[in-house]
Amino acid sequence: VPGPKARRASLISSIIAGVLIILGLGWMAWTLAQPKESGGITLPGYFDPSRWDIFADPEVWSRILTAGVWSTLSAALTASVFAIALGLERYDPTLVQRYNPFKVGDRFDRAKMIEFQQVLEETPYFSSVLVSLQLDPAHPDNAPLRLVLRESRTKRFSVGVGVATNTGAHLELAYRQSLTFGYPYALHTGARIDQTGGFGYVDLLLPPKPNGARDSIGALVEDSDIEDLRVKRWSVDAARARLRGTRGARHIETKLVFNFEHEERKTPLDPVIELDTLSTTYTWIRRDVDDIIHPRRGNVIELEGTVGAIGAALDEAFVRGYGRIAQYFPIGPRDVLLVRGELGAVEADTANVVPTRFLFRTGGATTVRGYDYESLGVSQGGAIVGGRALAVASVEYVHWLQRWGGNFGIAGF
């Protein structure tokens with residue numbers, strides 16, 4: 001806490017600074033008010049009333065509003081997108097066009113332009129993006145979009161250490177590369193080790209197609225030990241994902257995946273089960289909430305269906321269906337009531353011919369709170385293994401505290 005001398009010195013300094021500012025502003029005003037000589041003619045100062053008589057005419061204000069402000073607003077409302085001017089160093093301009101929601105002649109939509117900018121910022125290709133419309137009131141039907149882009153580094157490596165409620169402490173390595181074989185194919189690879197096991201992966205993501213679909217191929221190697229069920233598997237897949245609607249809180253996301261995997265699983269008392277499986281999975285997710293990060297109103301619905309064939313000759317098959325809904329209800333100014341439900345079933349002769357990831361276990365922070373991660377399932381061979389049916393319902397109330405900036409809450413379930 002400053003003492004009396006420090007407070008007195010601060011007060012004196014403030015007074016002196018204030019006096020100097022007032023004197024400076026007064027000198028500037030006096031200078032501007034003085035008449036000026038130009039070509040033998042004496043011009044009045046800036047504060048002379050004769051210099052501002054023109055603004056006393058209502059016709060002048062009418063023309064300013066109609067010819068200036070109103071014409072600019074009209075141009076923005078009726079503008080049609082003409083083109084995008086680009087100049088990139090590492091990438092072909094067609095890369096940006098793949099993300100462009102506008103077509104030549106489209107009516108200008110500010111919300112669509114902002115979403116366009118956000119989509120480009122989320123790609124691995126650009127570190128900063130600024131999109132603007134070049135308005136010309138005289139030619140509202142020919143308004144080009146202007147993009148100012150800063151290209152990102154093409155290679156990134158990261159290391160992370162953390163603790164998760166379900167899997168405990170973990171170490172994660174990740175490598176990202178936005179240019180592969182000279183093309184804008186995003187290469188993502190990494191590995192993670194936690195208290196339940198570890199996995200490594202590599203994915204190659206292609207730029208989106210004109211209809212918004214995005215293709216990818218990938219491979220995964222995993223080794224886990226959860227509730228005494230030891231699973232080793234590797235897989236390769238090809239996928240196509242598509243987003244319909246905005247990237248905000250209301251959209252529909254679909255994904256089609258073709259996958260081949262080899263799995264070995266072992267319980268303490270049973271022999272090893274080996275499976276070679278070819279499967280196709282279609283996922284449909286609809287989000288209709290008020291906030292994509294912290295929803296308080298609305299719902300999220302997920303539906304998923306899988307058809308798979310097992311065995312060296314792929315002579316055995318299974319069918320799987322799964323559905324999940326989360327409904328949010330606002331309570332008071334900040335609290336939330338969350339109602340969740342899950343249903344799933346697998347049609348197969350026995351669970352021993354279905355890969356572990358297509359069977360059902362539950363429990364953990366995001367499913368049934370109060371139980372260990374995937375600790376609810378079928379007891380078999382001295383372990384908890386997945387079952388062929390699932391039914392879960394839960395109700396959760398979240399109360400956000402006023403203390404600590406309102407960033408902490410209490411959940412009852």
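How many helices and strands does the secondary structure of the protein chain come to? There are 4 helices and 20 strands.

## The chain as a whole

Please keep in mind that this is a predicted model. The protein chain has 413 residues, and 31% of them are buried. Among its contacts with a separation of 6 or more, 50% are between residues 24 or more positions apart.

The protein chain exposes about 25300 Å². Carbon and sulfur atoms supply 60% of that area.

## Around glutamate 396

Let's step into strand β19, which spans residues 389-400 and holds glutamate 396. Glutamate 396 has a relative accessible area of 6%, so it counts as buried, the cut-off being under 20%.

Two arginines meet its side chain through polar contacts: the side chain of arginine 369 at 2.8 Å and that of arginine 340 at 3.2 Å. Beyond its neighbours within four places in sequence, glutamate 396 is also in contact with other residues, including Val336, Leu337, Leu338, Ala411, Gly412 and Phe413.

Phe157, Val159, Val161, Leu171 and Leu173 make a nonpolar surface patch of about 510 Å². Strands β6 (155-164) and β7 (168-177) each supply at least two residues of this patch, and β6 gives the most, with 3 residues.

Leucine 173 belongs to strand β7. Its relative accessibility is 36%, so leucine 173 is classed as partly exposed, a label for values between 20% and 50%.

Conventions:
Residues are numbered from 1 along each chain as its sequence is written. This is a predicted model: local features need pLDDT of at least 70, side-chain atom pairs count only at pLDDT 80 or more; totals for chains, interfaces and linings use all residues. Side-chain values use heavy atoms; hydrogens and water are left out. Buried means under 20% relative accessible area, exposed over 50%, partly exposed in between (1.4 Å probe, protein chains only). A polar contact is a pair of N or O atoms within 3.5 Å; within protein, one must be able to donate a hydrogen and the other to accept it, and residues adjacent in sequence count only if both atoms are side-chain atoms. Contact means heavy atoms within 4.5 Å. Accessible areas come from the Shrake-Rupley method with a 1.4 Å probe; for residues, only the protein chains shown count as cover. Patches are made of residues with over 30% relative accessible area and no salt bridge: like charges are joined within 9 Å, nonpolar side chains (Val, Leu, Ile, Met, Phe, Trp, Tyr) within 5 Å. A salt bridge is a side-chain nitrogen of Lys or Arg within 4 Å of a carboxyl oxygen of Asp or Glu.
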